[in-house]
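Here are my notes on this one, written as I went through it. Have the viewer open while you read.

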Amino acid sequence: ERRVGVPDFLSSHPATEERKAAALAGGPIKDDPAAAQAVAETGKPKRTLDPRHREFAVLVEQRDFDALERLFAAHQSRFDQDPATVDALEYAYAAFDHLPADAEATLGEWIAKMPASYTARTARGRFYLGRGLEARGTDLISATPKANIRTMQAQLAKAKADLDASVPLTAKPYVSHLSLIELYQVNGTREQAQQAYDAAVRLAPQNLRLRQMWMSILEPRWGGSL
């Protein structure tokens, strides 16, 4: 359905080629006020408000694994050729962070159908990572319900298994290493985080985000300075 003033990409049935082009473009929607406000408040996009992320979620819901493979292979190929495109690669994979719980079965079906797919394995790893971090929340660990902690640990264990399995499936598994850094920040050791950081920085040596994450890991747990 087309409405006046609404671009094809946001209509109920946008043109296929425009949908593909928009999804391939990557990055935040610059004319989305809600996304812009989320960036201003949190320093990062609110994933669930991003039409491009919703587009990927629809492809998961429709079990259109071939389309997902093509889209993410294009992002990965650009990164393989030019590490400066790392932001678009990260942003694309963030689409899987907040999928609904019932997406687990579909992601498993994707892996079963394409067991050698880097995208499928990493997508489910991001899904489990997102659910683990959601269960953890932002309260002090002492103020976090034990049920939440158990859920976090279970989800992060599944995320780690998928992310570890994804590493040998592509030549430059940057997203896998980045995701493991995020995982180890809440449920791992500094040594594990450093191994993941070292692997990621070899693939994207100019990435400032990696340095920022590493500085956060280095912060003493009880305050002070190194």
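1. The axes of helix 10 and helix 11 (residues 208–218) cross at roughly 165 degrees and come within 11 Å, so helix 10 and helix 11 are roughly antiparallel to each other. Their crossing is left-handed.

2. Which residues hold that contact? From helix 10 there are Arg190, Ala193, Gln194, Tyr197, Ala200 and Val201, and they meet Leu210, Arg211, Trp214, Ile217 and Leu218 of helix 11. By class, the contact of helix 10 with helix 11 has 8 nonpolar, 1 polar and 2 charged residues.

3. Before going further, bear in mind that this is a predicted model. The protein chain averages a pLDDT of 82, with 75% of the residues at 70 or above. Residues 1–49 are where I'd read with care: the pLDDT is below 50 over this stretch, though the model still gives it 66 contacts beyond near neighbours in sequence.

4. Now helix 9 (residues 174–187) against helix 10 (residues 190–203): the angle is about 150 degrees and the axes lie 8 Å apart. Helix 9 and helix 10 are therefore roughly antiparallel to each other, and helix 9 passes helix 10 in a left-handed crossing. On the helix 9 side you'll find Tyr174, His177, Leu178, Leu180, Ile181 and Tyr184. Facing them in helix 10 are Gln192, Ala193, Ala196, Tyr197, Ala199, Ala200 and Leu203.

5. How do helix 9 and helix 11 run, parallel or antiparallel? Their axes cross at roughly 20 degrees and come within 11 Å, so helix 9 and helix 11 are roughly parallel to each other. This crossing is left-handed too. Tyr174, Leu178, Ile181, Glu182 and Gln185 of helix 9 make the contact with Arg209, Leu210, Met213, Ser216 and Ile217 of helix 11. Sorted by class, the contact of helix 9 with helix 11 has 6 nonpolar, 2 polar and 2 charged residues.

6. Last, the rings. The count comes to 10 aromatic pairs, one of them Phe72 with Phe96, a tilted pair at 5.2 Å centre to centre with 40 degrees between the planes. That pair links distant parts of the chain, 24 residues apart: Phe72 sits in helix 4 (residues 65–81), Phe96 in the loop between helix 5 (86–93) and helix 6 (103–113).

Technical notes
Residues are numbered from 1 along each chain as its sequence is written. This is a predicted model: local features need pLDDT of at least 70, side-chain atom pairs count only at pLDDT 80 or more; totals for chains, interfaces and linings use all residues. Side-chain values use heavy atoms; hydrogens and water are left out. pLDDT is the predictor's confidence in each residue, from 0 to 100. Contact means heavy atoms within 4.5 Å. Axes are lines fitted to C-alpha atoms, for helices over the stretch in contact, and angles run from 0 to 180 degrees between N-to-C directions. Helices (H or I, at least four residues) and strands (E, at least two) are DSSP runs, numbered from the N terminus. Angles under 35 degrees count as roughly parallel, over 145 as roughly antiparallel, 65 to 115 as roughly perpendicular and the rest as oblique. A crossing is left-handed if the near helix is turned anticlockwise from the far one by less than a right angle, and right-handed if clockwise. Rings of Phe, Tyr and Trp (its six-membered ring) pair if their centres lie within 6.5 Å; planes under 30 degrees apart count as stacked, over 60 as edge-to-face and the rest as tilted. Ala, Val, Leu, Ile, Met, Phe, Trp, Tyr, Cys and Pro count as nonpolar, Asp, Glu, Lys and Arg as charged, and the others, Gly among them, as polar.
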